[in-house]
Amino acid sequence: MSKLSNNQGRGYEYICLNTLYSEISKVRLAQIDKNSSYLAAQHAWDTLSIEEQQTYTTSAEAAVKSVFELEPLMIERGEDIVELYIQADSQGKLGDVRDIVVQRADISWEIGFSIKHNHFAVKHSRLSPTIDFGKIWFDIPCSDAYWATVTPVFDYLKEEKSKRTCFRNLPNKEQTVYVPIVQAFIDEIQRQYKFHKDIPAKLVEYLLSRYDFYKIISIDAKRITQIQSYNLHGTLNKSARDAMPTIQVPHTVLPNRIINIGFVPGRHNTAELYMDGGWQFTFRIHNAEDIATPSLKLDIQIVGMPTTIITINCLWN
């Protein structure tokens, strides 16, 4: 991620957090935990132009009304304090994609928001000779067969890195790098699924989150802020003492079957995964640096979702 994109993303987190805090504070006690992640987001916000700050503020304000309609516990009157904070990026590696967490300790309640600015990527994971994606993704170490396939490819990339070879100049990289790595990735998921039938559910929990959350996406060009609900464990959309949610969020069922996983037709660097319940993902590998390196990024996109994941389009004023 470029420094500009990083500042835009963190800046959007900052204004979303502060907009929620400002609106909650109008009806009840609230406070922001100004931790190191908050200070980093504040610094990023300060790097944005006045025009960008105005745009991001408008985007955040557009979503607040719908957020309160989804989660009335955020504004339920009471003497306890609603605490808001930005999570450290390291939480994502532990299966928690929530950027902002809102909680009330007195009633043991919390919800979280994944904040996105003009992009829809699910995750940016990596494959390398030291990353055991099976252990990280679904808690099953990759097989010897997987390592036997990918190790020669990563050794080749390591050698080319020592020569300072540009990745784009690698001869026939589709067949020497992309195809064997993607095929090994596909084969490993199929191999483990034969013996571990809970892998579909674990995959979704890794790719999306092990915690329920709302995704807030600013789409600047369309002047829309989208809210998507990921109520995978039934913890979202709870009623307050004096109010029920006016927007209902269904419970989304995790998948239990892999229907198909294979190459996207005509693309040597991309796999597609189809599971029951409408779950569909693509996995595109690419080199994130100009120089060849034995570490490849996976750009993971969700291309199909269950109908129980609702999307709310909040129009900007």
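Arg 241 is exposed, with a relative accessible area of 65%; exposed denotes over 50%, buried under 20% and partly exposed the range in between, for a 1.4 Å probe and protein chains only. This is a predicted model, in which local features need pLDDT of at least 70, side-chain atom pairs count only at pLDDT 80 or more, and totals for chains, interfaces and linings use all residues. Residues are numbered from 1 along each chain as its sequence is written, and side-chain values use heavy atoms, with hydrogens and water left out.

Arg 241 forms a salt bridge (a side-chain nitrogen of Lys or Arg within 4 Å of a carboxyl oxygen of Asp or Glu) with Glu 76, and the closest N and O atoms are 3.5 Å apart. The pair links distant parts of the chain, 165 residues apart: Arg 241 lies in the loop between β7 (224-230) and β8 (258-263), and Glu 76 in the loop between α3 (50-70) and β2 (82-86). Helices (H or I, at least four residues) and strands (E, at least two) are DSSP runs numbered from the N terminus. Glu 76 is buried, at a relative accessible area of 4%.

## Other salt bridges

Across the whole structure, the search finds 15 salt bridges. Arg 241 and Glu 76 belong to a network of salt bridges that also links Arg 28, Asp 80 and Arg 104.

Asp 96 is paired with Arg 98 in a salt bridge whose closest N and O atoms are 2.9 Å apart. Asp 96 is buried at 3% relative accessibility, and Arg 98 is buried with a relative accessible area of 6%. In the salt bridge of Lys 26 with Glu 23, the corresponding separation is 3.0 Å. Here Lys 26 is exposed at 59% relative accessibility, whereas Glu 23 is partly exposed at 26%.

## Packing of α5 and α6

The axes of helix α5 (residues 144-162) and helix α6 (residues 173-193) come within 9 Å and cross at roughly 160 degrees. Axes are lines fitted to C-alpha atoms, for helices over the stretch in contact, with angles from 0 to 180 degrees between N-to-C directions. The crossing makes α5 roughly antiparallel to α6, a term for angles over 145 degrees.

Contact means heavy atoms within 4.5 Å. Among the residues that meet are Val 150, Val 153 and Phe 154 in α5, and Val 177, Ile 181 and Phe 185 in α6. The residues of this contact divide into twelve nonpolar, two polar and two charged. Nonpolar covers Ala, Val, Leu, Ile, Met, Phe, Trp, Tyr, Cys and Pro; charged covers Asp, Glu, Lys and Arg; the others, Gly among them, are polar.

Notes: Parallel < 35°, antiparallel > 145°, perpendicular 65-115°, else oblique.
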